[in-house]
Amino acid sequence: MFDFMADTMMLSAFSDMLDRMGITWSSILLHLIALVILTVGLYLLLFKPVKKMIRERQEKVKKIEKENADLNEEVKELKNSSEKVLSEAKKEAAAMHESAVKVANQKANDILSEAKAKAKALIDRTETEMDEERKKLQADVEKQIADVSLLVAEKVIGRDISKEDNRRLIEASIKEWSEKENG
Amino acid sequence: MAKEELVAKVVVSEKPDDGILRLVADFIKQRGCYRAEYVIDPDILGGIVIRIGDKVYDGSVRSRLETVRQSL
């Protein structure tokens, strides 16, 4: 009861104060209505389009981010792919190099073997020719020695053979022929 | 050809003595030849060569040296 009386008194005092300031309850109500209308108008005309714009912008940003992520992923895949291709190319190049080195070595070995075989054949042929030449030369020398020896023998025999020697020689020859023919 | 017509050709290096002449005459006679024609050829160096028809008996020093040459 006391509280009610106190509230009533406070309200009365407040009304007196508003009266003194020239503010009435109806003007307050009008202001409130104007405020509500303003708020609704602002909500409809400004806040909603801005919110929509922000949402659209957010979606656009999200879309760009997604595209960016996709691009990054694609770039990453391309990078991986290029690295893989590069690695394979390097491996292939190394294999080709190794193969080329092997082929070159094989070829070099073949050439070397062929050259050695040719050199050996040449040496063998030369040795054979030298041997034949040496034998021929030896035979020539032997023949010349024999010729000279016989020439010397002829000279010596022609000069030194005596009449008696000649006679014995003739007798021996005739005896030999006779014995041979008579058995 | 008759035996009397067959002539032996005898080559010696120097003039033969009677002993050699007899020996040669006997030798050719045994082979059906009764005449000999002597030729002195110092190139045979010594010994004797007798040809009776196609048969040749070569006992010359030259031929012996030639045999030695061949064998060498």
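Reply: Start with one pair: B:Val12 stands opposite B:Ile48 in S3(B). This is a predicted model, where local features need pLDDT of at least 70, side-chain atom pairs count only at pLDDT 80 or more, and totals for chains, interfaces and linings use all residues. Residues are numbered from 1 along each chain as its sequence is written, while chains are lettered from A and ligands numbered from 1 in the order in which they are written.

Me: What makes S1 and S3 of chain B paired strands?
Reply: Strands are DSSP runs of E with at least two residues, and helices are runs of H or I with at least four, numbered from the N terminus. Two strands pair if DSSP finds at least two bridges between them. Strand S1 (residues 7-12) and S3(B) are joined by 5 bridges, so they pair. They run antiparallel.

Me: How many bridges join S3(B) to S4(B)?
Reply: There are 6, between residues 47-52 and residues 55-60, again antiparallel. B:Ile52 faces B:Lys55 there.

Me: Why are S2 and S4 of chain B at the edges?
Reply: The open sheet has the order S2-S1-S3-S4, with mixed pairing. S2 (35-40) and S4 each have a single partner strand, so one side of each lacks a neighbour in the sheet.

Me: Why is H2(A) called roughly antiparallel to H2(B)?
Reply: Axes are lines fitted to C-alpha atoms, for helices over the stretch in contact, and angles run from 0 to 180 degrees between N-to-C directions. Under 35 degrees counts as roughly parallel, over 145 as roughly antiparallel, 65 to 115 as roughly perpendicular, and the rest as oblique. The axes of H2(A) (residues 25-160) and H2(B) (residues 61-71) cross at roughly 160 degrees and come within 10 Å. That makes the two helices roughly antiparallel.

Me: Which residues meet in this contact of H2(A) with H2(B)?
Reply: Contact requires C-beta atoms, placed from the backbone, within 7 Å. A:Leu150 and A:Ile157 are among those from H2(A), and B:Leu65 and B:Val68 among those from H2(B). By class, the residues are 7 nonpolar, no polar and 2 charged. Nonpolar covers Ala, Val, Leu, Ile, Met, Phe, Trp, Tyr, Cys and Pro; charged covers Asp, Glu, Lys and Arg; the others, Gly among them, are polar.

Me: Which helix gives the most to the side of chain A that touches chain B?
Reply: H3(A), with 10 residues. H3(A) lies across S3 and S4 of chain B, at about 40 degrees to S3(B).

Methods
Two residues are in contact if their C-beta atoms, placed from the backbone, lie within 7 Å.
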